[in-house]
Amino acid sequence: AASALRMTEGLEPRVTIAIEVLYPMPLMLTALAAFRKRFPTVSLLLRTEAMGAVAELVQNETCRVGISVAAPFVPKELDQIPLTTLLLVAVAAPEDELARHADAGPIPARVLQRHTQLVLTDRSRLSEGFEGGVVGGPNWRIADLDAKHQFLRAGFGWGTMPLQAVAKDLERKRLVHLPLAVGD
């Protein structure tokens, strides 16, 4: 009976959404709470992906909706609507050599290039070859934001993270903010 009612109301039995791993989860939880209240009989499949994988899932119609960062690899035929601004900060473990540079002012790219950069990556063809934010030098590509976070805390290198994901680590001195020189 519930299925028949959904059909007469024009509701789908399940909605599939792809969300960028960088998107703040508290905002997603607020939106999904409102969705569940409004559509209690609709099932949800939520996929968390990185970079181009979100756009690819929407483009190939695996997902109805995608929430992703704005990037040059997002296909032009997909409608994009800004939802929020994300603040990314460069961080490293306190014992990392770069942490000693943190109080000396902005760290130039030539210094960063001598240290391993941990970079978020994905398995999408859309973002294949995209090097946004990669400074050069040695890097490790990691397709999971939580794993990248753990690698940073373990001292495997430096990298950028959403501020909301590392705020407690910065406060508790488990990570150190690295001021980067802009345009260097």
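Biologist: Hi! Which residue of β2 does valine 15 stand opposite?

Modeller: Valine 15 stands opposite leucine 44 in β2. Strands here are DSSP runs of E with at least two residues, helices are H or I runs of at least four residues, and both are numbered from the N terminus. Before we go on: this is a predicted model, where local features need pLDDT of at least 70 and side-chain atom pairs count only at pLDDT 80 or more, while totals for chains, interfaces and linings use all residues. Residues are numbered from 1 along each chain as its sequence is written, and side-chain values use heavy atoms, with hydrogens and water left out.

Biologist: Thanks! How many bridges pair β1 with β2, and in which sense?

Modeller: β1 (residues 14-20) and β2 are joined by 7 bridges in the parallel sense. Two strands count as paired if DSSP finds at least two bridges between them.

Biologist: And what is the strand order in that sheet?

Modeller: The order is β2-β1-β3, an open sheet of 3 strands with parallel pairing. β2 (43-49) and β3 (65-67) are its edge strands.

Biologist: Which strands does α2 touch?

Modeller: Helix α2 (residues 25-38) touches β1, β2 and β3, and its direction makes about 170° with that of β1. Contact means heavy atoms within 4.5 Å. Axes are lines fitted to C-alpha atoms, for helices over the stretch in contact, and angles run from 0 to 180 degrees between N-to-C directions.

Biologist: Switching topic: what is the order of the antiparallel sheet?

Modeller: β7-β4-β8, again an open sheet of 3 strands. Valine 91 has histidine 177 in β8 as its bridge partner. α6 lies across β4, β7 and β8, at about 105° to β7.

Biologist: Which residues have the most contacts inside the largest nonpolar core?

Modeller: Val91, Leu152, Met161, Val166, Leu170 and Leu175, in a core of 14 residues. Such a core is a set of buried Ala, Val, Leu, Ile, Met, Phe, Trp, Tyr and Cys residues joined through side-chain atoms within 4.5 Å. β4 (88-92), β5 (117-120), α5 (145-153) and α6 (163-171) each supply at least two of its residues.

Biologist: One last thing: where is glycine 155, and why does it count as partly exposed?

Modeller: Glycine 155 is in the loop between α5 and β7 (159-162). Glycine 155 counts as partly exposed because its relative accessibility is 32%; buried means under 20% relative accessible area, exposed over 50%, and partly exposed in between (1.4 Å probe, protein chains only). Beyond four places in sequence, glycine 155 is in contact with Ala93, Glu95 and Asp96.
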